[in-house]
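Subject: Structure for you to look at

Hello,

Here is the structure I said I would pass on. Please open it first, then read the notes below it.

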Amino acid sequence: MATADRATTAPTPDAPTERADAGPALLEVRDLRVEFFTRRGVVKAVRDISITIERGQVMGLVGESGSGKSVTAQAIMGLTELPGRVTGGDVRWKGISLLRGPKADEEMRRVRGNEIAMVFQDPMTSLNPLFTIGNQMREVTRRHLGYSKRQATERAVELLDLVGLSNPRERLDQHPNEFSGGMRQRVLIAMALSCEPELLIADEPTTALDVTIQAQILELLAKLKDEFGLSVLLITHDLGVVAGMCDRVSVMYGGRIAEVGGADDVFADPAHPYSRGLLRSTPRLDERQARLVSIEGAPPDLVNPPVGCPYAPRCLSAGDRCREELPELLPISERRTVACWHPFAAG
């Protein structure tokens, strides 16, 4: 396995990380650590993960429930709530820290909802049932852009029409319970686009929807990505969604990143045994399968995570080193990294 030395000196929080080609990345998550302080103990939900998203890129963040995907998204948006706390690392937007330094809180308030927007996974609980759709949509542009009520109303009508809702002006006077699940998800996408953000974080945007509506929402996201030049962080456990939309994919397990690479490369030849296990357990149209192959065992207890590789207890190729030493995320090719002592082994 290829190895690479890590830099010994970290950049200062407010200094952009310059690259020779195009300056700082749009979003950089560096060694992020999020913990939840509970009566049972400290839950190490996100453990030193790093993600980079470039302008115009769609990054998929994949993993089973409990792997830390949504916690990562909430930390990026500054929405981690007690008993959770970001205990390490940084989130940098265009090279500027959103978590560290004297102006971090001010930067986060300026960026959140304006330059970075988020679509949450449950549209019914994300919309306030006591207020009309119009009231909730107008609030975004009036708060962030200083629109008058009339300007905000016209912007809301424009956005509802953009996401494919019929009779958009009449919809503003309706409450969330008068909409179907797919319509509510379209409303959330419209709200997220209100300020024309540069990055859209979509957290399981199709989980609660039936298959037909899922396809419509994904088609809508792809269309909006092209029209607005959006970058997207797509959080999902559905590998089919990733294959259809993403340029790159980060596979997450046990609060850590297991593998990062181009979506085509990861799907064609996954390097981490967990990635291989995920693919084997996914239905395929090009192969006839008697039954799906599940991954035996259970995810790690993040109150007491394993000393070594978090996937070792479930891995068919794990050896003593895997159980005793935590593998770092290191490159195996120019644009692909993996945290595994035995990459390309069976999972």
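Helix 1 lies across strand 1 (27-37), strand 2 and strand 4, and runs at about 110° to strand 1. Contact here means heavy atoms within 4.5 Å. Axes are lines fitted to C-alpha atoms, for helices over the stretch in contact, and angles run from 0 to 180 degrees between N-to-C directions. Helices (H or I, at least four residues) and strands (E, at least two) are DSSP runs, numbered from the N terminus.

Before going further, note that this is a predicted model: local features need pLDDT of at least 70, side-chain atom pairs count only at pLDDT 80 or more, and totals for chains, interfaces and linings use all residues. Residues are numbered from 1 along each chain as its sequence is written, and side-chain values use heavy atoms, with hydrogens and water left out.

Four strands make an open sheet in the order 2-1-4-5, with antiparallel pairing. Two strands count as paired if DSSP finds at least two bridges between them. At the edges are strand 2 (42-53) and strand 5 (96-97), each of which pairs on one side only.

Strand 1 and strand 4 run antiparallel and are joined by eight bridges. In this pair, E28 stands opposite R92 of strand 4. Strand 4 (residues 84-93) is also paired with strand 5, in the antiparallel sense, over two bridges. There the bridge partner of R92 is S97 in strand 5. The hairpin of strand 4 and strand 5 has two residues between the strands, and K94 takes a positive phi near 55° in it.

Leaving aside neighbours within four places in sequence, E35 is in contact with V42, V43, K44, P83, G84, R85 and T87. The C-alpha atoms of E35 and G84 are separated by 5.5 Å, although the two are 49 residues apart along the chain.

Strand 6 pairs with strand 7 (residues 199-203) in the parallel sense over four bridges. L200 in strand 7 is the bridge partner of A117.

**The whole protein**

The protein has 12 helices and 12 strands. Of its 347 residues, 49% are buried. Among contacts with a separation of 6 or more, 66% are between residues 24 or more positions apart.

Regards

Terms used. Buried means under 20% relative accessible area, exposed over 50%, partly exposed in between (1.4 Å probe, protein chains only).
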